[in-house]
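Hi everyone, thanks for coming. Let me put my structure up, and then I'll walk you through it.

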Amino acid sequence: MTNQLPNGVTRRTFDGSERLATRGTPVYGEPTDGDWRVWDAGRSKLGAMLENDLDLGLSGGETVLYLGAASGTTVSHVADFAGPTYAVEFAPRPVRDLVGVAAGRENLIPLLKDARKPETYGHVVEANVDAIVQDVATQGQARVAVENRRFLGDDGRLLAAIKARSEDVTREPEAVFEDALDDLREAYEILDTGRLEPYHDDHLGVVARPR
Amino acid sequence: MTDEGVRSTGWFAGVERDDVEAGASRIREGRADAPNDWPRLAVEAGFADDEDDYYAALHDAAVRAAREAAAERERADDQQLVHAVRAMDDLTERANELAERVAEWAGSRYPDAGTGVDYARELAERDPESPTDERLVSLARRTANLADEADQLRSFVERETPEVAPNLAAMAGPTLAARLVSLAGGLDSLAKKPSGTVQVLGAEDALFAHLRGRAPSPKHGVIFTHEYVRGTRPEKRGSAARTLAGKLAIAARIDYYSGERKPELDEELRERIERIRAKGEAVDDGATANGGGDEE
């Protein structure tokens, strides 16, 4: 069974193949068709989670806290279908691009902040967001999700991509994922997981809700 | 405002709706342990007409805050590192110079005089017994102080470099990474250099001698201090230096353009260096006959 795509996300044919697409201003030279632009799952962990049919529980229009927004590739698509979208990124160089993406999207709120220190943006990001999307390539990814639990509504969703190599390059990814899931269970109930191959090697997509 | 007050207020507290500058500064500097229903509270407090108006104000202030903070951090951090590593080298050089002077002077007075910065530190602890000793011990103290400051700067560089250039610092070690940034004049310029240039950074004299046709091309600059180069047999050092420089150049680009840590790069480099070293041993006899292979 195929899970429902959020409103504002669709599958369209680009150059003969079915691709995810959202409607908005192009950001990174992605192919477009009218207002629609390709959401490249190869460049987006969240896109890969949709392609691999994880049940994200998104219907469109949500308030989203996005951790690890980088240059804004994925978060631009999220802002296309979601409501207010808070985009946290800690590295200054990508934030320069992120600001450019946000300038053309009224609902995208860029924050140059460290996702490991939620108290530095607790005065900006509102309580009870509908979804936290997490794609931070730092050690202690589960810890970041647990720390940011404070922003998520009780019926909200955590949508995280766990990168095995960020935790420990020498260990088997499966073992790293098990540890990360154990740490997540401190604050979340795991609803669904799935590897992000072929789009991203050694990544685990996780859907969870607060305990 | 009390600490308690700061923690329970949103970014818009005390800010006028249209004062984007003040809003941006509160977004950058404020904090709160617990989030709240800020859009509703802002409307209730009369900051914004309605929630749409609130989000519009937040968007403008956040864009400004992020733009300013990013520009400042980019400007700031790598340049601070450049100053710190240069100051560290200056201090080390001066401390060594003065330690030599101290040793020479002390040698003329004490039969047990030692040498180097360690000896200057030892001498600095003594109670001077004559006007001449007073001067000598005072000089030793100043020398020890300079060496202490160099040590402080080294710890600062070791702490800061991984923040500024995480991949480069992990691969090269924080001090060498900071030296490369310093030699290039900044992380941005290092990120734009081809790996062949990274390979000979710090060997400019040898490089220009080579370009004038007076010397062989240098195999390595400051990256010689890296164990992957120094710990490789001399015939294979050129290969090791080229491989290391290639990965360092990539690390610098990732640090500058994305900032994302990629530990797999370290692993790839480790494997390639192992292969280079193993090849050197396996074809030990052929290595000298093939010596030119190093230059490719």
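So, how many residues does the contact take from chain B, and how many from chain A? It takes 35 from chain B and 33 from chain A, where two residues are in contact if their C-beta atoms, placed from the backbone, lie within 7 Å.

Quick housekeeping. This is a predicted model, so local features need pLDDT of at least 70 and side-chain atom pairs count only at pLDDT 80 or more, while totals for chains, interfaces and linings use all residues. Residues are numbered from 1 along each chain as its sequence is written, and chains are lettered from A and ligands numbered from 1 in the order in which they are written.

Back to the contact. On the side of chain B that touches chain A, helix 4 of chain B gives the most, 12 residues. Helices here are DSSP runs of H or I, at least four residues, and strands are E runs of at least two, numbered from the N terminus.

Now chain A: it has 6 helices and 11 strands. Of its 211 residues, 55% are buried, meaning 20 or more other C-beta atoms, placed from the backbone, lie within 10 Å of their own.

Next, the largest nonpolar core, with 88 residues. A nonpolar core is a set of buried Ala, Val, Leu, Ile, Met, Phe, Trp, Tyr and Cys residues joined through C-beta atoms within 7 Å. Among those touching the most other members are A:Leu111 and B:Ala66. Helix 4 of chain B gives the most to this core too, 11 residues. And A:Leu111's contacts beyond four places in sequence include A:Tyr86, B:Ala62 and B:Ala66.

Methods. Buried ≥ 20, exposed ≤ 12 C-beta atoms within 10 Å, placed from the backbone.
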